[in-house]
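Colleague: I've got the model open and I'd like to know what the labels on it rest on. Where shall we start?

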Amino acid sequence: MKYMIPENYRSPLDIFQTQLAIKEVKDYFQQALAKALNLHRVTAPLFVLPETGLNDNLGGVERPVSFDVLEQPGTNAEIVQSLAKWKRYALKKYGFKEGVGLYTDMNAIRRDEATDAIHSIYVDQWDWEKILTESDRTPEYLKATVSAIYRCLKDTETHILDLYPSLGSPILPDGITFIASQRLEDEYPELTPGQREYEAVKRHGAIFVTGIGGKLKSGKPHDGRAPDYDDWSLNGDIVLLNPVLGSQFEISSMGIRVDPQSLASQLELSGQTHRKELAFHKALLSGELPLTVGGGIGQSRLCMYFLRKAHIGEVQCSVWREDTVQECEKRGVKLL
């Protein structure tokens with residue numbers, strides 16, 4: 001699906017107000033999230049060494065941005081694509097206990113991203129991770145965590161609308177609806193996964209789609225998910241109905257992480273058993289890393305949503321095709 005700027009769009013906030021409001025959204029939400037999930041802020045890397053296995057390979061086809069290190073001949077580093085694996089390693093390294101977690105600012109460059117109104121090659125998100133027990137690795141625990149995050153979204157919406165009345169009335173529903181990706185396929189077999197999400201989110205306003213990464217009855221997954229961080233049976237995406245774009249709008253990917261058994265199974269299913277030899281995977285398979293739940297929450301996506309913006313370039317700085325720049329100028333969209 002290609003996300004387009006709607007006809008007759010006008011931002012409720014000017015470019016100066018927007019810059020101030022971006023900070024309000026980010027400051028308020030991250031504090032609410034930290035309190036709700038018992039998270040502590042840490043500093044995270046911008047790049048890692050590929051042989052550590054700490055970089056996220058996302059859907060398995062994206063090429064990480066890499067560079068050689070002048071004073072270390074033969075050494076190449078990769079810009080992180082997410083911190084899904086690094087966070088779990090950090091929880092152990094820093095001595096976090098059960099029920100406590102971390103969050104951090106993750107900044108990435110995804111060179112192969114197809115850009116449109118909601119996709120940029122620059123990615124900024126809050127990455128968070130929390131230690132849990134074996135008994136917590138359940139759908140019920142996942143749902144409780146999602147519900148806590150959703151309450152943070154609701155509180156942030158209220159706060160921002162109080163500060164900027166020109167943004168209009170609240171639009172988030174009282175609660176989030178949980179729906180399995182297989183159920184979406186059963187209900188809408190003729191539609192694409194994105195179209196299925198749109199039909200569901202039109203009805204409910206906010207949904208959490210579970211079961212991302214594994215094959216459905218059709219033989220295809222709802223969406224791609226790397227085999228070595230989420231347990232495909234205990235994960236999902238938070239998707240909102242975007243009132244400006246009139247479309248589904250994913251703002252978070254998250255889940256209970258793989259344990260040794262699910263990691264081995266998912267590496268086998270995805271044909272990536274060679275990754276067992278990487279340092280991170282060896283540590284996980286041998287039970288050296290804690291059991292965790294975690295995810296990423298898009299910072300620019302949240303700012304777009306709460307500030308009623310039509311293009312992600314209104315809330316972040318990136319580079320755009322010339323036709324995108326011209327289209328935004330024609331529509332009165334102020335790219336940062």
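**Checking the labels**

Modeller: Start with Thr 104, which stands opposite Asp 127 in S6. Bear in mind that this is a predicted model: local features need pLDDT of at least 70, side-chain atom pairs count only at pLDDT 80 or more, and totals for chains, interfaces and linings use all residues. Residues are numbered from 1 along each chain as its sequence is written, and side-chain values use heavy atoms, with hydrogens and water left out.

Colleague: What makes S5 and S6 a pair?

Modeller: Strands are DSSP runs of E, at least two residues, and helices runs of H or I, at least four, numbered from the N terminus. Two strands pair if DSSP finds at least two bridges between them. S5 (residues 101–109) and S6 (residues 122–131) have 9, in the antiparallel sense, so they qualify. S5 is also joined to S1 (residues 39–41), by 3 bridges and in parallel; there Leu 39 stands opposite Gly 101.

Colleague: How do you know that Arg 257 and Glu 129 form a salt bridge?

Modeller: The rule wants a side-chain nitrogen of Lys or Arg within 4 Å of a carboxyl oxygen of Asp or Glu. Here the closest N and O atoms are 2.9 Å apart, so the pair passes. Arg 257 lies in S10 and Glu 129 in S6, so parts that are 128 residues apart in sequence are tied together.

Colleague: Why is Arg 257 called buried, and what about Asp 174?

Modeller: Buried means under 20% relative accessible area, exposed over 50%, and partly exposed in between (1.4 Å probe, protein chains only). Arg 257 has 3%, so it is buried; Glu 129, at 0%, is buried too. Asp 174 reaches 75% and therefore counts as exposed.

Colleague: Last one: which label does Phe 16 get?

Modeller: Phe 16, in helix H1 (residues 15–37), has 59% relative accessibility, so it counts as exposed.
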